[in-house]
Amino acid sequence: MAGRLGLKIDVDTLEGFCKGVPALMEVLDAHQVKASFFLALGPDNSGRAIFRIFRQRGFLEKMWRTRAPALYGFKTMCYGTLLPGPQIGAAAPHLAPRLAAAGHEVGLHGYDHVRWHDHLFHLPPEKVAREIAQAQKTYTGLMGRPAAAFAAPGWQCSLSSRTALAAQNFLYGSDTRGATPYFPAFGSRVTSVLEIPTTLPTLDELLGFHGCRPQDFTSLVLARLDRGLPQVLTIHAEVEGGPFLGEFARLLARGRERGVEFFRLGDWARELLQAPEAIPAAAVTSQRLPGRAGRVSCQGPPEAPPS
Ligand SMILES: [Zn+2]
């Protein structure tokens with residue numbers, strides 16, 4: 001079986017937006033593949049991520065292993081620390097409409113990526129809702145309509161964030177790591193916005209592991225598609241849209257050769273929501289993943305339907 005692969009492209013930084021997005025668009029266009037882009041539209045405070053070194057196990061090792069300064073550039077690493085964080089959406093207002101005009105889905109990846117990633121669980125619900133509303137306001141200003149999709153920065157989601165997505169009428173979220181679409185539950189509360197999790201490891205998680213090379217990553221993704229279930233892969237505009245653009249092109253070329261069907265997450269969400277009763281609820285748990293610093297929100301086992 002050729003398999004189905006949804007490409008979820010996260011854009012975290014100004015560099016990723018202004019340089020990574022056009023580069024990825026060109027490669028996607030050359031292979032006639034449509035993807036789902038998720039944009040962080042507020043300030044680029046990437047430099048603050050450096051301070052995770054002092055707080056988070058695994059960050060320093062990951063910085064070294066992935067050669068973050070080479071990936072992100074020295075200037076990006078100063079944003080929000082030595083330099084003020086520039087506004088990402090405003091820096092290239094034509095880009096998001098261009099993505100949509102080219103047939104890609106355009107959703108939100110938060111407002112201030114670093115604030116969400118580092119502080120989501122400490123922010124009061126109204127501040128979480130405000131992060132989403134600010135992102136939505138910027139998006140609406142650029143696109144003339146609100147976004148239907150939200151992908152949480154750093155795969156961090158909470159009852160507050162999922163409740164805010166429901167209140168702000170999002171069609172679906174892609175906030176977690178998991179296996180199949182579900183309705184996220186927090187304790188006894190099952191939230192109402194569909195979740196389409198990322199199912200595959202990312203390139204930056206695998207790089208450098210046991211001598212894993214970028215081409216091994218492509219083989220791993222294609223092998224997972226043989227299992228029959230649709231898969232969702234998260235791509236980073238700063239990684240696959242930067243130094244690993246060649247490997248991303250190879251993934252698309254090899255996928256196309258094998259007849260892989262690339263899909264946009266929003267199309268799958270609409271398909272699934274035709275029969276919401278068939279979608280299970282599952283708890284959201286906080287887990288460590290190999291190759292990733294800190295914890296991420298993950299899909300737990302399915303919950304029994306209420307009797
Ligand atoms: Zn991100």
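Does Glu247 count as buried or exposed, and at what relative accessibility? Glu247 counts as buried, at 12% relative accessibility. The close-ups below come from a predicted model.

**View 1. Glu247 and Arg250 form a salt bridge.** The closest N and O atoms of this pair are 3.1 Å apart. Both residues lie in helix H12, which spans residues 245–257. They are three residues apart, about one turn of the helix. Their surroundings can be read from accessibility. Arg250 is partly exposed, at 37%, while Glu247 is buried, at 12%. Elsewhere, salt bridges that share partners join Arg177, Asp204, Glu205 and Arg292 into one network.

View 2. Glu15 is partly exposed, with a relative accessibility of 33%. Lys19 is exposed, at 55%.

**View 3. Arg162 and Asp175 form a salt bridge.** Their closest N and O atoms lie 2.9 Å apart. Arg162 belongs to helix H9, and Asp175 to the loop between strands S5 and S6, so the pair ties together parts that are 13 residues apart in sequence. Arg162 is buried, at 0% relative accessibility. Asp175 is buried too, at 1%. In total, the structure holds 15 salt bridges.

**View 4. Gln156 sits in the loop between strand S4 and helix H9.** Strand S4 covers residues 149–150. Helix H9 covers residues 159–167. Gln156 is buried, because its relative accessible area is 7%, below the 20% limit. A polar atom of the Gln156 side chain lies 2.7 Å from the backbone oxygen of Arg295. Beyond residues up to four places away in sequence, Gln156 touches Trp116, His117, Leu120, Phe121, Asp175, Arg295, Val296 and Ser297.

**View 5. Four strands form an open sheet.** Their order is S7-S6-S11-S12, and the pairing is mixed. Strands S7 (189–190) and S12 (295–302) stand at the edges. Each has a single partner strand, so one side of each is left without a neighbour in the sheet. Strand S6, residues 183–186, pairs with S7 in the antiparallel sense over two bridges. Phe186 stands opposite Arg189 in S7.

How values were computed
Residues numbered from 1 in each chain as written. Predicted model: local features only at pLDDT ≥ 70, side-chain atom pairs only at ≥ 80, totals over all residues. Heavy atoms only, no water. Buried < 20%, exposed > 50% of the residue type's maximum accessible area, 1.4 Å probe, protein only. Polar contact = N/O pair within 3.5 Å; in protein donor to acceptor, adjacent residues only side chain to side chain. Contact = heavy atoms within 4.5 Å. Pairing = 2+ DSSP bridges. Salt bridge = Lys/Arg side-chain N within 4 Å of Asp/Glu carboxyl O.
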